[in-house]
Protein chains: 2
Amino acid sequence: MSRTGIRTVGNVRRIAQPLWDAPFLKACRGEAVPHAPVWLMRQAGRYMEHYRGLRARLSFLELCKDPDAAAEAALFARDWLGVDAAIVFSDILVVLEALGMPLEFTAGGGPRLPRPLAGVADLDALRDPADAAADLGYVAEAVRRTVAGLPATIPCIGFAGAPFTLAAYAIEGGGSRHFLRAKTFMWREPALWHRLNGILAECIAAHLNQQIAAGATAVQLFDSWAGCLTAEDYAAFAAPHLAAVVQAVAPGVPVIVFGTGTQHLLPQLAATGADVVGIDTTTPFSAGWAACGGPARVAAQGNLDPTLLLGPWTAVREAADRLLAATAPGHIVNLGHGILKETPPEMARDLVRYVHERTAR
Amino acid sequence: MSRTGIRTVGNVRRIAQPLWDAPFLKACRGEAVPHAPVWLMRQAGRYMEHYRGLRARLSFLELCKDPDAAAEAALFARDWLGVDAAIVFSDILVVLEALGMPLEFTAGGGPRLPRPLAGVADLDALRDPADAAADLGYVAEAVRRTVAGLPATIPCIGFAGAPFTLAAYAIEGGGSRHFLRAKTFMWREPALWHRLNGILAECIAAHLNQQIAAGATAVQLFDSWAGCLTAEDYAAFAAPHLAAVVQAVAPGVPVIVFGTGTQHLLPQLAATGADVVGIDTTTPFSAGWAACGGPARVAAQGNLDPTLLLGPWTAVREAADRLLAATAPGHIVNLGHGILKETPPEMARDLVRYVHERTAR
């Protein structure tokens, strides 16, 4: 059974009609839907001219912190694509910044934390997680303005990074190929590691619940780097903290957990009590869903290869047909990771329309 | 049954005693061993001071092309670590260079092919695969000199890149995150793709057989980038060409196939007829071996996390104990991908000794 009780009789209803009947939320609950719901991870992004226009006047972080502009980005993408959900425009690393870690986004090179965590003094210097979450009110405000602009039947997804991925970022100081620092920190300093993850989990949960209070009717936890751990290490060092966050999310609001390279971790992701498990591109969809316990236990999101959207269209169509042949109540169609900046926007929109037409009943 | 017939009665014997009885080769054949054989991918590499000494006077490609220096690198690493096999010092990209593609190794940034393949004219311009393989005599010579320096009981592994990975390199022109060019080429130009892979398969097979003629008594095919493909795409665009290479290797010589991120591809890797399937770090070892058909069908190599070797030692020991609890005849102990340049060499040597002591009988 899932955390929220959404799949149980006598569930906790926090979501008002008509949103309750939105295909996306029905699918989160494993209910039958009029058409397969679809959205695309990173659907408001660089592949869209409209987004590049916003970025011409605002840096990435400025855009995250400007609720009007963030709502504009989220709403334009939702409306233009015709997807079944919006997702708030934000970034997983704002939690680390709020905890007191300087954060930079370089022009082409991705995020950087110039003062990575190295030891106990750095942990001691972190801000109180509740205070940090309170400082992320601009994300809640972006949710509020996004929800205000959405049709009454379209949900807005809130999101945050999972504790493991944020801890790894905080220790690595940025992207990494082998995560040497994060893993050796974890193995050498398990007590500090768990303390750090506890701080993160508290801040993340508060941050998600603020987004929910502002109108988000589902939340996604990105454990983007989970796939670098073996199943044993994930069980020992990551899953308990992810589960703590999932359990702390306001009841009645579906929680999606997702990471890439997580084929070996799917049973653990489902065991956190998440309502929906995101399945990455290379995991065979049905086998991945089965590894989570199958449609009777949990909903599944995924898992088209984002590269397909560069064309040709016939390849997209074939892959979509294969995926939809494996669909069942509780399937949310999505990519297996974020949409690529090289994607022709029309291909993304055509995919959304194709999924809707092909599954309408 | 495996390609070579090594596991069948009446097998083709090409390997003379006492090499035939080497634990590594026994394990390739699924036979009982006096101790679990172990070697480490990229065991002659930057983490070793001796290797850095060679590189102080030779560039990476110069080292590959100097049979004496290449043998020195391979032999020093084998002897110092006490591993059960040497592997020739070479690089998977020399095949592309021999086919006529300029190849550079930049100081810190990895390999680059400044004239990537883009269309039919580029394929037409490739050299004849047999001529190209003949030009790789320096690799065969490095094998010969390595074998000459090895104890009579220690095998030398030859190797090459798999067709998919080399084709992807040739099209991308270097490393890549999402393999956009290679994948879209594959989907848009399937006939050209298969033609390219046919050329590569012919050259790779000839290259491996020359290494075998020079004394290599096992070969490994690195399909390093296989993990970027879905199972459907691997079946359609990659596996047939890998199988063609495996089948073309001289009978009686075990073939190992390996790639990272291949958890979903293991049944296909085993179905090529390979004698040994390499299992990457995050695939649970027993489940991965079972997905290949298990010890009765194929041997398995792997799969310790290379990051572990940065310490602490207790973490290495625990992971080794877990792996060895799942061992069976046909298990070759190794890392789940190449050893990292940050590795303290003593940790690698201690692992080898620990595996030998722990499994001696």
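Q: Hi! Is B:R42 buried or exposed?
A: B:R42 counts as exposed, at 53% relative accessibility. Here buried means under 20% relative accessible area, exposed over 50%, and partly exposed in between, with a 1.4 Å probe and protein chains only.

Q: Before I go on, what kind of model is this?
A: This is a predicted model, where local features need pLDDT of at least 70, side-chain atom pairs count only at pLDDT 80 or more, and totals for chains, interfaces and linings use all residues. Residues are numbered from 1 along each chain as its sequence is written, chains are lettered from A and ligands numbered from 1 in the order in which they are written, and side-chain values use heavy atoms, leaving out hydrogens and water.

Q: Thanks! Back to B:R42: where is it found?
A: B:R42 sits in the loop between α1 and α2 (49-57) of chain B. Helices (H or I, at least four residues) and strands (E, at least two) are DSSP runs, numbered from the N terminus.

Q: And what is its phi?
A: B:R42 has a positive phi of about 60°, although it is not a glycine. In chain A, A:R42 also has a positive phi of about 60°.

Q: New topic: how can chain A be laid on chain B?
A: A turn of 180° and a shift of 0.0 Å along the axis do it, with an RMSD of 0.0 Å. That is the relation of a two-fold axis. The copies are superposed by least squares on the C-alpha atoms of residues with pLDDT of at least 70 in both.

Q: Why do the copies meet through the same surface?
A: Because 100% of the interface residues of chain A are also interface residues in chain B.

Q: How many helices and strands are there in chain A?
A: Chain A has 16 helices and nine strands. Of its 361 residues, 63% count as buried.

Q: Can you show me a buried one? Where does A:T262 lie?
A: A:T262 lies in the loop between β6 (255-258) and α13 (266-271) of chain A. A:T262 is buried, with a relative accessible area of 1%.

Q: What is A:T262 in contact with, leaving aside neighbours within four places in sequence?
A: A:T262 is in contact with A:A226, A:G227, A:L269 and A:D280. Contact means heavy atoms within 4.5 Å.

Q: Last one: which residues does a cis peptide bond join in chain A?
A: A cis peptide bond joins A:G311 and A:P312, with omega about 5°. A:P312 is in the loop between β8 (299-304) and α15 (313-325).
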